[in-house]
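Please examine the sequence and the model shown below. The paragraphs that follow lead through its sheets, its helices and its confidence.

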Amino acid sequence: MCPTNTNGRSSGSNSRSGDSSNWISDAINGGSLRHVDLNTGTNGWASPPGDLFHLRSKSYLTKRQKSPAGDYLLSPAGMDWLKSTAKLDNVLGRADNRVSQALRRAQSQGKSMKSFIFAVNLQVPGKDHHSAVFYFATEEPVPAGSLLGRFIDGDDGFRNQRFKLVNRIVKGPWIVKKAVGNYSACLLGKALTCHYHRGPNYFEIDVDIGSSAIANAILHLALGYVTTVTIDMGFVVEAHTEDELPERLIGAVRVSQMEMSSATFVDVPNAPPVPRGIGLTKVNHHNKS
């Protein structure tokens, strides 16, 4: 959820997903939230067509035009809805992470040696900590000179200026649509505290929703109606120069009428007790896409 509101040519998943190896299929079908039908599924996730998102076009800098986003850069590789007694950081770095395990199993057989995982971990504070973790993957290395490659290998200052969420409410009560906006975009790294984790074959962004009082309030309002809300979320590296245009979706996910009780419990050894009555930090910066 973003603390401020501003005002995709593809199939439901990346067009290359048919070429995905078995480990990606295992990841897609093995999460705590089921992979469901895009239009009729509930309490699960699906991959919305990229053309539902409008991003900066090739002529954006001169004409301010946006265009349908098209295919994702990376293939969908599943979603986890996790619960723990403390905030979960660097989930891909955990020995028990199922997506990392699936890739390690494939690589132990000499397969998928070039595969790379990209994950976004939305950390939801509360009495019980929750994490919505979205996984995307590629069977080939991310090109080093591409905008996504520069983002992955860049410093945190660059990443904070560029990591953008675009979301749209597909279904939900008016109060949620009013709070979130039917279609909104936000530079998460400027509005919220983000931590970046770079591993040998993965990159993870941990987004601390609790670092913004406004975002936290919006999210908890939405969670109160979560079983009636369907939302599309797309992740983008924002383009600033002509050679970086048009913008492309890293990936996107549709979360359909999720049930809070679907979360899988994850143990955090030696986690400190959850503090009570902690005040929320002030919001940092806002962004208009």
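**Sheets, helices and confidence**

In S9, Cys186 is the bridge partner of Leu165. Strand S8 (residues 163-171) and S9 pair in the antiparallel sense, over five bridges. Both strands belong to an open sheet of six strands with mixed pairing, in the order S1-S2-S13-S12-S8-S9. Strand S1 (34-35) and strand S9 (183-187) are the edge strands of this sheet, each pairing on one side only.

S10 runs antiparallel to strand S11 (residues 202-208), and six bridges join the two. Within S11, Phe203 stands opposite Arg198.

How do the axes of H1 and H3 cross, and within what distance do they come? The axes of helix H1 (residues 22-29) and helix H3 (residues 98-108) come within 9 Å and cross at roughly 160°. Angles over 145 degrees count as roughly antiparallel, and H1 and H3 are therefore roughly antiparallel to each other. Their crossing is right-handed. On the H1 side, the residues that meet H3 are Trp23, Asp26 and Ala27; on the H3 side, they are Arg98, Val99, Ala102, Leu103 and Ala106. By class, this contact has six nonpolar and two charged residues, and no polar ones.

It remains to consider the confidence of the prediction. The protein chain averages a pLDDT of 87, and 86% of the residues score at least 70. Over residues 4-20, however, the pLDDT is below 50, although this stretch has 57 contacts in the model beyond near neighbours in sequence. Residues 272-288 also have a pLDDT below 50, with 34 contacts in the model beyond near neighbours in sequence. Where pLDDT is low, predicted coordinates should not be read in detail.

Conventions:
Residues numbered from 1 in each chain as written. Predicted model: local features only at pLDDT ≥ 70, side-chain atom pairs only at ≥ 80, totals over all residues. Heavy atoms only, no water. Axes fitted to C-alpha atoms, helices over the stretch in contact; angles between N-to-C directions. Helix = DSSP H or I, 4+ residues; strand = E, 2+ residues; numbered from the N terminus. Parallel < 35°, antiparallel > 145°, perpendicular 65-115°, else oblique. Left-handed = near helix turned anticlockwise from the far one by under 90°. Contact = heavy atoms within 4.5 Å. Nonpolar A, V, L, I, M, F, W, Y, C, P; charged D, E, K, R; others polar. pLDDT = per-residue confidence, 0-100. Pairing = 2+ DSSP bridges.
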